[in-house]
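Please consider the model shown below.

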Amino acid sequence: MNTGQFETRPGLPSPLGATLDAGGVNFAIFSRHATKVMLCLFDEDGNEHQIITLPEREGHVWHGYFPGMKAGQQYGFRMDGPYAPEEGHRFNPFKLLIDPYAKQLTGHPKWDDALFGYQPGHKNKDLSFSKKDSAPFMPRSIVVDPAFNWENAAEPRHALESSIIYEAHVKGLTAGRSDIPNPGTYLAMASDPILEHLNNLGVTAVELLPVQAFLNEKFLLDRGLTNYWGYMTYGFFAPDPRYMQGADIAEFQQMVRRFHSAGIEVILDVVYNHTAEGSEMGPTLMFRGLDNASYYRLADNPRYYIDDAGCGNTLDFENPFVIRLVMDSLRYWVEVMHVDGFRFDLCSALGRTARGFERDGPFFRAIGQDPVLNRVKLIAEPWDIGPGGYQLGAYPAPFAEWNDKYRDNVREFWRGDGGK
């Protein structure tokens with residue numbers, strides 16, 4: 001990996017993220033309200049050795065191309081712009097930001113006051129401004145070459161009506177097994193004992209609880225706990241590093257290839273309704289610092305967030321770049337990682353506009369016309385906690401839904417509950 005000073009060329013505004021080619025790497029990132037976008041390059045020890053202002057802007061996409069840059073380059077972004085929480089803007093160039101299109105991360109954020117855009121404990125709370133550099137406590141994004149030899153492994157393509165879906169946690173299913181190499185990892189998930197067990201059960205698909213990079217919240221760590229379930233994601237393209245044996249995203253691809261060779265599909269439980277940045281008192285990790293007013297649904301007082309997920313914020317699916325982000329993420333997992341479908345956590349939040357839940361909302365229309373995504377399994381968790389959020393039976397094709405009332409009735413019958 002070249003850690004010298006890189007020449008800067010204009011590059012292209014598409015695709016978004018870091019795109020490797022034979023000559024170098026193109027970077028493109030969306031921000032409507034930023035005044036300057038800085039690409040920060042790091043060496044393998046995490047030292048920031050070059051900060052480059054992206055030279056071009058087309059529409060709301062900032063971009064640049066860097067000849068000679070290779071896969072493995074670690075990077076992040078810093079953004080200049082207004083810090084005006086009362087207007088919905090929270091730019092802070094002292095905060096290193098994860099690329100929302102990063103395909104691999106070096107690890108997870110390490111909790112420190114520097115992660116916050118404001119000064120914790122200040123009398124003005126989130127209206128204050130922090131000048132602490134967060135880079136020492138932030139994971140870096142990594143330029144990757146996603147090429148992988150799939151060895152002509154065929155996708156099983158089971159009909160939904162004949163599917164038997166096994167919900168599983170990567171670590172929970174494998175960590176306690178002494179007969180499996182690399183327990184608690186993607187590689188262990190597709191080991192021979194697990195595949196044999198699933199085949200014996202007649203399982204046609206595994207639905208993996210969140211495997212996109214997710215956060216251990218500070219209030220959990222303060223109590224000696226961790227986020228086991230994973231429903232606090234921030235890296236919509238990056239496999240969570242805690243389930244990797246080494247440092248290669250090919251481990252996830254190897255797992256999928258093994259499942260497919262056993263005739264088992266892979267469905268991901270995905271969380272696009274909110275992010276790990278939480279409320280206005282949360283950390284600045286990516287979206288808040290990239291363009292808070294564009295990525296999130298803000299209240300009438302834009303200092304605060306609309307929270308239809310119960311986790312502090314809700315992504316704004318009326319913004320075309322939010323829809324583009326999620327659509328690009330879904331297509332990446334299908335086309336590059338070869339997964340077979342998705343279960344959408346709190347899916348009602350993805351159909352929300354200023355008028356409430358809309359079954360013909362922008363995101364659902366985008367899915368319906370997409371030639372990649374409308375052929376895979378799409379399963380809605382048909383509610384959120386916002387007004388009118390329970391929408392069982394209201395989702396448009398090609399969505400299926402988890403029916404919680406049916407599930408509960410069947411479970412009561414199995415238990416022998418009175419009157420059942």
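How many disulfides does the count come to? The count comes to zero, where a disulfide is a pair of cysteine sulfur atoms within 2.5 Å. The sulfur of C347 has its closest cysteine sulfur in C311, at 15 Å, which is too far for a bond. C347 is buried, with a relative accessible area of 0%, and C40 likewise counts as buried at 0% relative accessibility. Buried here means under 20% relative accessible area, exposed means over 50%, and partly exposed lies in between (1.4 Å probe, protein chains only).

The model is predicted: local features need pLDDT of at least 70, side-chain atom pairs count only at pLDDT 80 or more, and totals for chains, interfaces and linings use all residues. Residues are numbered from 1 along each chain as its sequence is written, and side-chain values use heavy atoms, with hydrogens and water left out.

The aromatic rings come next. Rings of Phe, Tyr and Trp (its six-membered ring) pair if their centres lie within 6.5 Å; planes under 30 degrees apart count as stacked, over 60 as edge-to-face and the rest as tilted. By this rule there are 35 aromatic pairs. One of them is formed by F236 and Y272, which are edge-to-face, at 4.9 Å centre to centre and 75 degrees between the planes. This pair links distant parts of the chain, 36 residues apart: F236 belongs to strand β14 (residues 233-239), and Y272 to the loop between β15 (265-270) and α6 (287-295). Helices (H or I, at least four residues) and strands (E, at least two) are DSSP runs, numbered from the N terminus. Both F236 and Y272 are buried.

F236 also pairs with F287: the ring centres are 5.9 Å apart and the planes are at 35 degrees, so this pair is tilted. Because F236 lies in strand β14 and F287 in helix α6, the pair ties together parts that are 51 residues apart in sequence. F287 is buried, with a relative accessible area of 0%.

Charged side chains also meet aromatic rings. A charge sits over a ring if NZ of Lys or CZ of Arg is within 6 Å of the ring centre and within 35 degrees of the ring normal. The charged end of K103 sits over the ring of F237, 5.0 Å from its centre, while R242 lies over the face of F214, at 3.7 Å from the ring centre.

What of enclosed space? On a 1 Å grid over the protein atoms alone, a cavity is a set of points where a 1.4 Å probe fits but cannot get out, and lining residues have an atom within 4 Å of a point. Grid points are joined across faces, edges and corners, and a volume is the space filled by probe spheres set on the points. The structure holds one cavity of 30 Å³ or more, and about 40 Å³ of space lies in the largest cavity. Its lining consists of Y83, R90, G117, Y118, E280, G282, T284 and R288.

Finally, the backbone has some features to locate. A cis peptide bond joins S14 and P15, with omega about 0 degrees, and P15 is found in the segment before β1 (17-20). Another cis peptide bond joins A397 and P398, with omega about 10 degrees; P398 is in the loop between β19 (377-380) and β20 (399-401). E151, although not a glycine, has a positive phi of about 55 degrees, and E151 is exposed, with a relative accessible area of 54%.

Conventions
On a 1 Å grid over the protein atoms alone, a cavity is a set of points where a 1.4 Å probe fits but cannot get out, and a pocket is an open set with protein on both sides within 12 Å along at least five of seven lines; lining residues have an atom within 4 Å of a point.
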